Amino acid sequence: MTIAIGCDHAATALKEELKSHLRGRGYDCKDYGVFGEGKADYPLSAYQVAAAVAAGEHPLGLLLCGTGVGISIAANKVKGIRAACCGDPYSARLTRQHNDSNILCMGARVVGPELAKMILDEWLNASFEGGRHQIRVDMIRKLESTGKL
């Protein structure tokens with residue numbers, strides 16, 4: 001499986017560490033940048049990764065910025081994306097199980113590399129449970145499509 005990955009300038013070091021971690025677990029990564037520490041605007045990376053996931057080019061994405069919040073807000077503007085900003089493994093697992101999240105967002109200034117790996121692993125090891133949660137995901141999709149519930 002190939003995971004789409006992107007970041008802003010605040011998270012390039014964490015992105016590289018997580019790419020190495022993913023490869024060690026047998027995943028491929030498609031890196032949408034950024035590739036240096038010069039100022040970069042997170043909406044661009046968010047859009048590139050989210051558009052690729054929404055188009056079915058990659059089943060899952062990983063986005064990183066200083067807090068994880070801005071990049072998750074931007075990614076969630078792309079139809080079909082359920083990006084979740086997580087700072088702990090429990091939330092990461094539940095966002096896959098209950099919300100069928102397809103992009104994980106984290107903040108490089110919020111979580112350190114080892115915690116980020118734990119969060120990522122928990123998210124990747126979980127799967128959508130469906131059932132009563134499918135009803136809620138369907139409601140989110142309807143809201144996304146029509147602006148109403």
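**Group meeting: a walk through the fold**

Hi everyone. Let me begin with how this chain holds together: of the contacts in the protein with a separation of 6 or more, 69% are between residues 24 or more positions apart. Please keep in mind that this is a predicted model.

Now the overall layout. The protein has six helices and five strands, and reading along the sequence you get β-α-β-α-β-α-β-α-β-α-α. As for dimensions, the C-alpha trace spans about 40 × 30 × 25 Å along its principal axes. A compact globule of 149 residues would have a radius of gyration near 15 Å, and the protein has 14 Å, so the two agree. Buried residues make up 48% of the 149. The accessible surface comes to about 7300 Å², with 53% of that belonging to carbon and sulfur atoms.

So what sits inside? In soluble globular proteins, nonpolar side chains tend to be buried together. Here, the largest nonpolar core has 25 residues, and Leu62, Met106 and Leu120 have the most contacts inside it. Strand 1, helix 1 (12–24), strand 3, strand 5 and helix 5 (113–125) each give two or more residues to this core. Which of these gives the most? Helix 5 does, with five residues.

Have a look at Met106 on your screens. Leaving aside neighbours within four places in sequence, its contacts include Leu18, Leu62, Cys86, Val111, Ile119 and Leu120. There is also a second, separate core of 17 residues, and Tyr32, Ala46, Val53 and Ile81 are among them.

Two of those names, Ala46 and Val53, take us to helix 2, where they are buried along with Ser45, Val49, Ala50 and Ala52. Seen down the axis of helix 2, the buried residues fall within an arc of 160°, so they line one face of the helix. And what covers them? The cover includes strand 1 (2–7), strand 3 (60–65), helix 3 (69–75) and strand 5 (103–107). On the face turned away from that buried side, you will find Leu44 and Tyr47, which are exposed.

Just after the helix, Gly56 takes a positive phi of about 85°.

Methods. Residues numbered from 1 in each chain as written. Predicted model: local features only at pLDDT ≥ 70, side-chain atom pairs only at ≥ 80, totals over all residues. Heavy atoms only, no water. Buried < 20%, exposed > 50% of the residue type's maximum accessible area, 1.4 Å probe, protein only. Helix = DSSP H or I, 4+ residues; strand = E, 2+ residues; numbered from the N terminus. Arc of directions from axis to C-beta. Contact = heavy atoms within 4.5 Å. Core = buried A, V, L, I, M, F, W, Y, C linked by side-chain atoms within 4.5 Å. Rg over C-alpha atoms; globule rule 2.2 N^0.38 Å. Areas by Shrake-Rupley, 256 points an atom, 1.4 Å probe, with all protein chains shown as cover.
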